[in-house]
Amino acid sequence: QTTGVKTGTVVDETGLPLPGVSVKIKNAAGGTMTDNDGKFSIKTDDKSALLFSYMGYDTQEIGAGAKNPIKVSLKPTDNLMNEVVVVGYVTKNKSQLVSSVSTVSAKKLLDVTSNSTSAMLQGKASGVNVSVPSGQPGASTSIRIRGTGTLSSGSEPLMVVDGVIGGTANPRDIESISILKDAAATGLYGSRAANGVIVITTKQGKAGKTKIDYSGAFGLNTASEGNFKVMNGQQLRDYSAYMYTNDYTGKRAAFIKELQKTIPNPTQQQIDDFLASKDLALTLPGYLAGFMPVEPGNTDWRDLAFRQGITNNQALSISGGDEKTKFYVGANYYDEQGTLVNTDYKSFNFRTNLEHKINDRFKVTARLNAGFTKTNNDPSGALDQSYTNMPWDNPYNADGSPKYVDANSQWYGRDKSNFLYVSQYNRDNSRGQNLSADVKLEYKVTDWLNFATSNRYTVTNSRAERLIDPRTPAGKANRGELYNGYGYTNSFITSNLFNAAHSFGKHNLSGIAGFEYQQNYVDGLNGTGTGILPDLSSMDATAIAKGLSGNRSMSRFVSELFMGDYNYDNRYFATVSMRNDGSSKFGANSRYGLFYSFGAGWNIANEKFFESKVINTLKLRGSYGVTGNTPGGDYAHLDLYLANVQYGGIPGAFPRSLPNPNLTWETPTTINAGLDISFFNRIDLSIDAYQRTNKDLILDVPLPSETGFYFSTENIGSVRNKGIDIELNTKNLTGEFKWNTSFNIGINKNKVLGLYRGQAIERGYQRVAVGRDLNSWYMEEWAGVDPKNGDPLWYMTKTDANGVASRVTTNNLDNADRQFVGTSTPDFIGGIGNEFSYKNFSLNAFFNFVSGGTVYNSARELFDADGAYPQYNSMILKSGWSRWENPGDIATHPKAVANGNRNSNKRSSRYLEDGSYIRLRNITLGYTLSDKVTEKLKLSNVRFFVSGDNLITLTKFSGMDPEVSLVSEGNNAVGVSGTKYPISKKVLFGVNVSF
Amino acid sequence: CKEDLDLKPYNALTTEQIVNTVEGLTAATIGTYNYIKDPYYTRNYHMLSEYASDNVSLSGTTTDDLFYAYNYRHLKSQGNTEMIWRKGYQAIYGTNVVIEKATRGDNAVMNQLLGENYFLRAMIHFDLVRFFGRPYTDDNGESLGIVIKTNSDVKERGSRAKVKDVYAVVISDLLESIKLMGSTKSNIYASKEVAMALLSRVYLYMGDYDNAYKYADEVIKSNRYALVSSANLGSYFTVAPGGDSKLQETIFAIKHELKDDRGDDSIGSMYFTSGGMGYGEMYASESYRNLLDKFPNDLRHAFVRPNYEKDADGNVKLDANGKPILAKRNGYPIYYVMKYSYQDGVETLSSPVILRLAEMYLTRAEVSAKRGNTNDALSDVNIIRERAGLKGLELFSASNMMGYTNVLDVVLDERRLELAFEAQRKFDVFRNKQTMVRNYPGTHLPSGQVTQEIPYTSPRVIYYIPQSELTANPNLVQNPE
């Protein structure tokens, strides 16, 4: 038995020294830690075993008798509980978290091919509802974390990039995303944390060999149609002929009856003369000729409006460095040609992240992100016309050129437009640039105290152009029209933090204290000129300055923040945070607000009494806190006369808002309880139950118009969201054939607890009322079709002589009363992903799903309108639906009547449909070249893949797509589905190469 | 840092800055004119009144709620009624602030300003009460009208006053404004005679014919206005109002600058299209054309323009008899209405005329007819007819009634001919307790039917109170179904 000093080095998976690794002798007391160079020395005998452990890495056991010096290479652990999580201002080991945080790694994020980080988040974290309501490349998305808690204020979560509020990052530059859901995590963001926080961390170079990563994907996009189909030429003619035949028969009979008042038995000639005097066609075919062709054409407008698009995504990054300096440089090119004609989107993004240790005390970090986008929108109305235009109309001249069509053309379609002609000349495009620069300086004051100042300046510029060429119908009227809009924003934020950490035996204390200041500014200019020669598109080429408008606005925040963390022996955890926020958006009387949170956790698995072979992790978490939400507008608290109006060329001003010097933030209070448990090292389960009650809502209280105002902005009312988030990750098979599953689900119940004087708020198809879900449908209730005559029926309340009310049906929409008829809020949402791998092959399939909640299919007001718009095409009835034609028919759809059947197509519960769906968001098959081949090629990793996005959607919804916007705009409620730009099904081929 | 958070907007002034100076109050008054220029007000005012008349015929269906004003299938939540109610009361609030803050006295500028606000407050109350309250003549104003709002108290939740009480406020405001205002401001603003002209109309609508006559007569005799010449009649509506020129026909118009061109959403867009801009879906009705066509020389044909089919070279196509072939939309012949197009040469630009001298003559004529003063009535009618280029036997006299048996019918038909498409016909029919007969082609007719008749007693003569307002103010009562 030799006892001696064993020495060695511990390195990480990339070969870099790991300082701070705990080195212990198995079954014995004592131990040591590696120094800054990863070196250690320990006194032991050859027979003992050494245990090397480090947070985030698998513990390794090595016999002390190994060759001296011992070289140990630690591998990062797969155990999710040891994952390092960026929680905004600080970074924590997941096992030490007391708050509710979902994380999405770069790998999980990058399945769907898109340039939108938020679109890629869809379905990937529990309680996070992302909607991509339009399939247009570059279209914006909306995110709701754990439901919507506010009415008039913003509901989007706060974005934090690299520790600083605001900013953007290209998906390919992202290392990880953390979604902060409860107050213990979000509390530090104070008045801006009401809707949760999404923390994005971008990639950083690692010391060692310079690494080059290339990734390219190229593929085809096709538009998904959903269940919505419009009629072909013959179907439409049959449908129209039925309606106009009834119309003619009725009119003719009415005229003959009128004639018979003077001539009881008129001759055919007398009838013909009378009809002619009344301008009615003498025969049915003559009458029908005014509305439809005898031989219907069969133009497929949808086919003309849509095409196969191309997606091309190329990304290159170079990263590396040494112990003093690390760098990451990323470049990304994304080009998506839309499935709708004329639409496409291109973007370039460049990022440079630099980190340099000036000396042992000073460290400087600089980050630069520059993004450039270019978007082409369709300037021809192709989307709407692909559904509204009539198949009978031929868009082409005899020579094959697109036909010029205007209001005076012979054309069956109502709007007399041929987008193919307009497409040739008009333009609608925009460009955007954003530039953001971060400089962070860290100073190590003592071993336990650190000061960091982070500063970011961001500038964005945008330009929009719309050209109506003088050769087009609309351009003819004013010799063409050119619109230009320019927008600019800048934002400056400085965040200055002291960061302290100290341990006393088993007591670990850490905390931050700091100060932030932020200023946001926006301005813009929009101009329209008319009279421009063909092919030109510069403002100075316009003849007449028609319109000029603009905007300008500013806001500021000042904040002080504090957070303290306590951890006893990795068993008991506590955290407390406070933030004092001041904002120019608040009224003069209440400019500052204090926000706070507490959290505590108990890691039972680390207790001595807890010994389990089955359960590896068992942790309880709890938190409580108050955050805030700021008013949307910059000046909502002031009583203002807005001076953006004129009369007769003289400037004027009108009363825009009532004063509210007390206007302040709304206060969501969140309680969260969570459980993390893992079994067999294969199953990780997190369950969180929460309740968030938003009080003092910033509410635009609707005022009766007699007051002169639409609303007054008050802090009043309350909305509660409560629910459960579950995340489950399992390693089903771990052998050569690997199978992992990640599953998440969020169940959220929403309830309005209070409103101004309990008074309901009308929001288009919905009504906000106390005691109900925020997104409750409120409209006339559909009662089906009268079998006698095909009339539409609605329910009405009838009160008899005794005052007893009962529900009866009526065929007069005006008599129908409005009722609450369900909500658009889903019962639950979530996602499920499966990863399979076998040898060099891998297969990933990811589904997202939404269940429950109804969607108002507003497109049916137009296309399923029982004849209300006979000069638009109509939808083909979904299977199971039927049209009334003869007395006694039991049908779902009323009789089709030219120009409409008793307002049957107006708002009613008729058009509410189940909005549930499950969608295969992505499926990817990958093949990685074997190490041998890779080595021969002098590469470190080569992977080929084929990927499919949105290939399958299962839904009963009769419209184009059940995915609806979560944003209510103006008077439009959420959950309404109109004519939408369909989402794309994409099939892409790609390769990832690392050097 | 305290001051750092005290930010002021770049495009707005606080109420305090506005109400304490003449300049501020002037800007606020301009703001109120802007409210009535707003399409929410002007466009809907036009559509809710004119489209419910027998002058117009719609050639198809539309998703625009104008359809429900046109076909009388009113909805309780109908966008255009919501908008005009909303914008109307916002404008009234604007006037109330100025009326409360401005001090009357020796300052002519301040008095004029005050008078304009009284005028605007009266006009808007009058406009709204005619949409939402039954015609005064039905029951002497005993039914429910609208909320009277004559203060700037935002806490008050009013209820609907009787029609007669609304009229009383309108009249007292107009009388006040006449006292306060001078006669110098151009016809895009209120001034003394503008208020008198409106007052004449108010009295006419409430059946106070003596006062209607009195004020119409005063306006005519003020010599501020003159009928536009026969030669210029056709282009009357293409000339922008305003300016210093004396003796215009327009008493009051809502001026639209080039910046205010609403394009497809303009009033003119529905009546006319050169092809590309505008919709051109609402035509002169067969019934109106029959009246106009009685006298082929009538210069008012200029406002009804038939649209003919053209060949590839732009020449009008002719039928077998050499007659031009009328173009049709959905089977309906196209007769464009030319009162809201081509101001300053811009296709969809117009400044809707609210009051003009011709109406004053016709009001005088109507009262004369009702008093039995046949010669006076016909003489005023003939002034309008002569201006329309009619002469000799085309003019009425007691001995040349051209088939009419009743002088009032002569006057009302002339009023219809002259003021067609100027948002008057609907009120003229119902206040005279007549039936609106729409026995001509158009999408107002339910399928299979050939006429639509709305008796003046129909509940649909007026609109529903917007549903959203009933929610916001539970004191409001809905109109009968």
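Q: Is the crossing of α15(B) and α16(B) left-handed or right-handed?
A: A friendly note to start: this is a predicted model, where local features need pLDDT of at least 70 and side-chain atom pairs count only at pLDDT 80 or more, while totals for chains, interfaces and linings use all residues. Residues are numbered from 1 along each chain as its sequence is written, chains are lettered from A and ligands numbered from 1 in the order written, and side-chain values use heavy atoms, without hydrogens or water. A crossing counts as left-handed if the near helix is turned anticlockwise from the far one by less than a right angle, and as right-handed if clockwise. For α15(B) and α16(B), the crossing is left-handed.

Q: Is α15(B) roughly parallel or roughly antiparallel to α16(B)?
A: Helices here are DSSP runs (H or I, at least four residues), numbered from the N terminus, and axes are lines fitted to C-alpha atoms over the stretch in contact, with angles from 0 to 180 degrees between N-to-C directions. Helix α15 (residues 374-387) and helix α16 (residues 407-419) of chain B pack at about 25 degrees, their axes 10 Å apart. Angles under 35 degrees count as roughly parallel, over 145 as roughly antiparallel, 65 to 115 as roughly perpendicular and the rest as oblique. That makes α15(B), relative to α16(B), roughly parallel.

Q: How many charged residues does the contact of α15(B) with α16(B) have?
A: Contact means heavy atoms within 4.5 Å, and among the residues involved are B:Arg385 and B:Arg387 of α15(B) and B:Glu414 and B:Glu418 of α16(B). Asp, Glu, Lys and Arg count as charged, Ala, Val, Leu, Ile, Met, Phe, Trp, Tyr, Cys and Pro as nonpolar, and the others, Gly among them, as polar. Beside eight nonpolar and one polar residue, the number of charged residues is four.

Q: How are α3(B) and α5(B) placed to each other, oblique or parallel?
A: Helix α3 (residues 39-50) and helix α5 (residues 79-101) of chain B pack at an angle of about 130 degrees, with 9 Å between their axes. Their crossing is left-handed. The two helices are therefore oblique.

Q: How many nonpolar residues are in the contact of α3(B) with α5(B)?
A: From α3(B), residues including B:Tyr40, B:Tyr41 and B:Leu48 meet residues of α5(B) such as B:Met83, B:Ile84 and B:Lys87. Four of the contact residues are polar and one is charged, and the nonpolar ones number six.

Q: Within what distance do the axes of α3(B) and α6(B) come?
A: The crossing of α3(B) with α6(B) is left-handed, and B:Tyr45 and B:Phe131 are among the residues that make the contact. Helix α6 covers residues 108-132 of chain B, and its axis crosses that of α3(B) at roughly 35 degrees, coming within 11 Å.

Q: Which three residues supply 36% of the area that domain 1 of chain B buries against domain 2 of chain B?
A: An automatic or database domain assignment sets the bounds, and in chain B domain 1 is 17-226 + 235-251 + 445-481 while domain 2 is 263-338. Buried area is the accessible area (1.4 Å probe) that two parts lose on being put together, summed over both, and for these domains it is about 1,400 Å². Supplying more than any other three residues of domain 1 are B:Arg43, B:Ser57 and B:Ser59.

Q: What area do chain B and chain A bury between them?
A: In this pair, 91 residues of chain B are in contact with 91 residues of chain A. Carbon and sulfur atoms carry 54% of the buried area, which is about 7,800 Å².
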